[in-house]
Amino acid sequence: MSSVILKGRGVTKKFGGLVAVNSVDFDIYEGEIFGIIGPNGAGKTTLMNLIVGLLPLTDGEIYFKSVKISGKKPYSIARLGIARTFQIVKPFKGMTVIENIMVGAFFGHGNYTSYREARERAEEIAKLVGLYEKREELVDHLNLAQLKRIELARALALEPEVLLLDEVMAGLNPAEMEKIMNLVREINAKGVTVIMIEHIMKAVMGLSRRMMVLHFGTKIAEGTPEEISQNEEVIKAYLGERYGKRRKSA
Amino acid sequence: MKKHLIPLGFLVLLVILPPFLSGYWLRILTGVIMFATLTEAINIIAGYAGYPAFGNVVFFGMGAYVTAVLMNHGFGFFLTLIPSILSAVVFSVIIGLPVLRLRGHYFAIASLGVNVAVMEIVNNLKIAGAAEGLTLPLKKGASPHAVYSYFYYLFLVVLVLSVIFTIWLEKNRFGFGLRAIRVDEDGALAMGINTPLYKTLAWAYSAMFTAIVGSIYAYWISYIDPETVFEPIISVKMFVMMLLGGASTVYGPLIGAVLLELITELVWSKFVNIHGIVLGAIIILTVILIPRGFLDLFTGGFSWRRLVQNIKENMI
């Protein structure tokens with residue numbers, strides 16, 4: 001098996017009395033697509049914010065390769081090679097598509113400092129995610145599916161080794177979802193380790209070989225999609241009784 | 001390059017104009033250029049970085065006072081520019097580190113608070129003449145017109161420098177970072193932008209040019225007091241000019257300065273009692289008719305449709 005690229009030990013986050021993430025351990029291997037699922041409020045997005053440094057940890061440690069990243073500033077973590085997308089898209093409004101992607105190229109792992117270099121790199125990525133034709137348009141005029149692509153493109157422009165996707169499928173129709181799934185596969189094939197947070201089971205199950213399930217901030221299961229979908233605790237906690245019944249009858 | 005041709009034409013015009021102008025018009029144009037530079041400077045922090053620095057005039061006052069105090073102690077004018085810049089930059093960094101953690105209105109209020117606090121300190125500072133203010137040595141010249149022209153060109157040089165910086169900023173990593181911060185600071189952080197550093201640099205830059213203008217202003221007017229050079233209305237004017245012309249553009253602030261300063265001189269002087277009403281009306285009309293500034297209305301050709309659309313979107 002390939003080496004661990006991202007490692008968490010006893011990762012904990014408390015908001016006052018509420019334990020949002022409770023002593024979660026994880027090992028993510030280089031080159032894999034790893035899924036994180038869980039019901040609303042399970043602490044998935046909080047966990048992601050902890051990894052990228054947008055929130056400070058209450059307890060525990062996170063390592064990127066052998067470097068401890070918990071406690072580092074978000075911009076240093078991004079520059080090390082960990083990029084993320086936001087569930088609620090955060091395009092840089094008032095800027096064009098290509099300019100949005102250029103921000104990533106300027107400040108990422110690749111460290112492009114000249115306008116021309118950054119622009120060339122951004123154009124390559126715009127082609128990859130299928131936004132090249134729209135490159136001179138203001139992002140203000142794009143629809144949600146396109147904005148999700150912007151999120152992806154910007155994160156890719158950082159030239160990350162680890163890419164965290166926070167519900168990139170949410171709000172998309174099946175056709176658009178299919179396209180994004182293919183895109184994620186393509187990105188992964190280029191050697192980028194992908195961590196996906198999703199509500200939509202089909203997406204995660206179809207893409208990732210390993211996944212973990214969070215419930216009220218605690219990891220309740222980890223394994224292959226098959227193992228997860230067989231796990232009684234997961235079915236009860238996350239998928240619900242109805243899914244369990246439907247699965248049996250199917 | 002093409003879009004810089006018209007401004008370049010105006011610059012040439014501004015350079016050759018002074019000998020043909022009366023003292024009155026020379027003074028008005030000097031005021032326009034002064035405000036254009038101040039607005040170009042506030043545009044970096046308030047326009048590009050999106051931090052409404054309502055107390056920016058504090059650096060204007062500091063620059064003016066550093067020059068005034070030092071010239072009264074026998075220093076030459078240009079020598080006083082260095083401590084003037086240094087004091088503004090150092091002060092903006094020290095104040096900026098805590099204050100730039102605030103966002104939106106809170107930052108605006110805090111920066112205004114800093115402005116008023118510094119004004120009160122200077123009001124009680126013996127070396128700065130306290131509330132009575134300071135007189136500066138007069139600039140000597142062959143004729144009054146030559147002296148006026150001297151200051152005119154001095155301001156013009158600083159304006160050109162600040163415009164060149166903003167043009168550079170537009171295509172530069174630093175500028176991209178600031179624009180990202182304006183829209184979404186968390187997003188900017190996640191994109192690897194060192195936001196605390198960038199905000200501080202943006203304010204320091206803004207402070208530097210504002211202080212230089214303050215220094216020249218003090219020498220030009222040759223008498224300053226705290227109430228004049230720390231006047232919050234000056235900050236408000238910078239803001240209105242920036243919004244009127246177009247925030248976070250290179251030339252918007254210049255257009256705004258020309259429009260508002262000319263309105264000020266030509267209209268307000270005849271309606272002294274209601275100039276507050278005029279200023280308020282301009283702000284309201286700007287927000288409703290041209291929320292992205294005057295420049296936006298004409299980029300890509302003037303269109304009535306855009307104007308009508310603006311009105312529809314922004315009517316109360």
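**Note on the A/B interface and a surface patch**

1. In this predicted model, chain B carries a nonpolar patch on its surface, made of I6(B), F10(B), V12(B), L13(B), V15(B), I16(B) and Y153(B). Together these residues have about 660 Å² of accessible area.

2. Helix α1 of chain B, residues 5-16, supplies the largest share of that nonpolar patch, 6 residues. L13(B) is one of the residues found in this helix.

3. Chain A and chain B are in contact through 25 residues of chain A and 22 residues of chain B. The size of an interface is often given as the accessible area lost when the parts come together. Here the area buried between chain A and chain B is about 2,100 Å², and carbon and sulfur atoms give 69% of that. On the side of chain A, the residues that lose the most area to chain B are Y75(A), F92(A) and F107(A), which together account for 32% of what that side buries.

4. The rule finds 2 salt bridges between chain A and chain B. One of them joins K90(A) to D184(B), with the closest N and O atoms 3.4 Å apart.

5. Three elements of chain A give two or more residues each to the side that touches chain B: α2 (74-80), α3 (97-107) and α5 (144-157). The largest share, 6 residues, comes from α3(A). By class, this side of chain A has 16 nonpolar, 3 polar and 6 charged residues.

Definitions and conventions
Residues are numbered from 1 along each chain as its sequence is written. Chains are lettered from A and ligands numbered from 1 in the order in which they are written. This is a predicted model: local features need pLDDT of at least 70, side-chain atom pairs count only at pLDDT 80 or more; totals for chains, interfaces and linings use all residues. Side-chain values use heavy atoms; hydrogens and water are left out. Contact means heavy atoms within 4.5 Å. Buried area is the accessible area (1.4 Å probe) that two parts lose on being put together, summed over both. A salt bridge is a side-chain nitrogen of Lys or Arg within 4 Å of a carboxyl oxygen of Asp or Glu. Helices (H or I, at least four residues) and strands (E, at least two) are DSSP runs, numbered from the N terminus. Ala, Val, Leu, Ile, Met, Phe, Trp, Tyr, Cys and Pro count as nonpolar, Asp, Glu, Lys and Arg as charged, and the others, Gly among them, as polar. Patches are made of residues with over 30% relative accessible area and no salt bridge: like charges are joined within 9 Å, nonpolar side chains (Val, Leu, Ile, Met, Phe, Trp, Tyr) within 5 Å. Accessible areas come from the Shrake-Rupley method with a 1.4 Å probe; for residues, only the protein chains shown count as cover.
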